[in-house]
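This briefing is intended for a reader who is new to the structure shown below. Please consult the sequence and the model alongside the points that follow.

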Amino acid sequence: MKFVIVFAALFAVAVAVPIDDSRNAQILRYDNNNIGVDGYNFAFETSDGTSRQEQAELRNIGTEQEAIAVRGSYSWVADDGQTYTLNYIADENGFQPEGAHLPRAA
């Protein structure tokens, strides 16, 4: 009898766990343009409130300083219901994120 009670309690806890809706997110928009050796750009948006866009360009082509520079943003809805956005640049100076939710250097 104890086994049945424990099993029922564990089953109730398992059923009460919220299901992660991001597993079932649908793609609402996907743009993929201008992909080449000198750069790219893309964007997407999903039904769970996630979106991302990014552009890249190859700089200093043919030199020893040749590097790709990427600029983009990523937005998502967090568990607290707020939408957060992270803007970023990644280039010869490294990864540089910015967002209202991120601490700023003094």
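Among contacts in the protein (contact means heavy atoms within 4.5 Å) between residues at least 6 apart in sequence, 13% join residues at least 24 apart. This is a predicted model, in which local features need pLDDT of at least 70 and side-chain atom pairs count only at pLDDT 80 or more, while totals for chains, interfaces and linings use all residues. Residues are numbered from 1 along each chain as its sequence is written, and side-chain values use heavy atoms, with hydrogens and water left out.

**Overall architecture**

- The protein has one helix and six strands; helices (H or I, at least four residues) and strands (E, at least two) are DSSP runs, numbered from the N terminus.
- The order of these elements along the sequence is α-β-β-β-β-β-β.
- Of the 106 residues in the protein, 16% are buried; buried means under 20% relative accessible area, exposed over 50%, and partly exposed in between (1.4 Å probe, protein chains only).
- The protein has an accessible surface of about 8,300 Å², and carbon and sulfur atoms account for 56% of this surface; such areas come from the Shrake-Rupley method with a 1.4 Å probe, and for residues only the protein chains shown count as cover.

**Confidence of the model**

- The mean pLDDT of the protein is 81, where pLDDT is the predictor's confidence in each residue, from 0 to 100.
- A pLDDT of 70 or more is reached by 79% of the residues.
- Over residues 1-19 the pLDDT stays under 50, and the model has zero contacts beyond four places in sequence for this stretch.

**Strand pairing**

- Strand β1 (residues 27-36) and β2 run antiparallel and are joined by seven bridges; two strands pair if DSSP finds at least two bridges between them.
- The hairpin that joins β1 to β2 passes through two residues.
- β2 also pairs with strand β3 (residues 51-59), in the antiparallel sense and over seven bridges.
- Four residues lie between the strands in the hairpin of β2 and β3, where Gly49 takes a positive phi near 95°.
- β3 in turn pairs with strand β4 (residues 67-77) in the antiparallel sense, over nine bridges.
- Glu57 of β3 is the bridge partner of Gly39, and the bridge partner of Glu57 in β4 is Ala69.
- In a regular strand the side chains alternate between the two faces of the sheet.

**Glu45 in strand β2**

- Glu45 lies in strand β2 (residues 39-46).
- Glu45 counts as partly exposed because its relative accessibility is 33%.
- Glu45 of β2 is the bridge partner of Arg29, and Glu45 also stands opposite Ser51 in β3.
- Apart from neighbours within four places in sequence, Glu45 is in contact with Gln26, Ile27, Leu28, Arg29, Thr50 and Ser51.
- Ala25 is 20 residues from Glu45 in sequence, and the two are 9.8 Å apart in space, C-alpha to C-alpha.

**Thr46 in strand β2**

- Thr46 is likewise found in strand β2.
- Thr46 is buried because its relative accessible area is 13%.
- The side chains of Thr46 and Asp48 make a polar contact at 2.4 Å; a polar contact is a pair of N or O atoms within 3.5 Å, and within protein one must be able to donate a hydrogen and the other to accept it, with residues adjacent in sequence counting only if both atoms are side-chain atoms.
- Not counting residues up to four places away in sequence, Thr46 touches Ala25, Gln26, Ile27 and Leu28.

**Aromatic pairs**

- A search of the whole structure finds four aromatic pairs; rings of Phe, Tyr and Trp (its six-membered ring) pair if their centres lie within 6.5 Å, and planes under 30 degrees apart count as stacked, over 60 as edge-to-face and the rest as tilted.
- The rings of Tyr40 and Phe42 are stacked, because their centres are 6.2 Å apart and their planes are at 15°.
- Tyr40 counts as partly exposed at 22% relative accessibility, whereas Phe42 is buried with a relative accessible area of 19%.
- Trp76 and Tyr84 form a stacked pair as well, with 5.9 Å from centre to centre and 25° between the planes.
- Trp76 is partly exposed with a relative accessible area of 23%, whereas Tyr84 counts as buried at 18% relative accessibility.
- Tyr74, Trp76 and Tyr84 are linked into a cluster by ring pairs.
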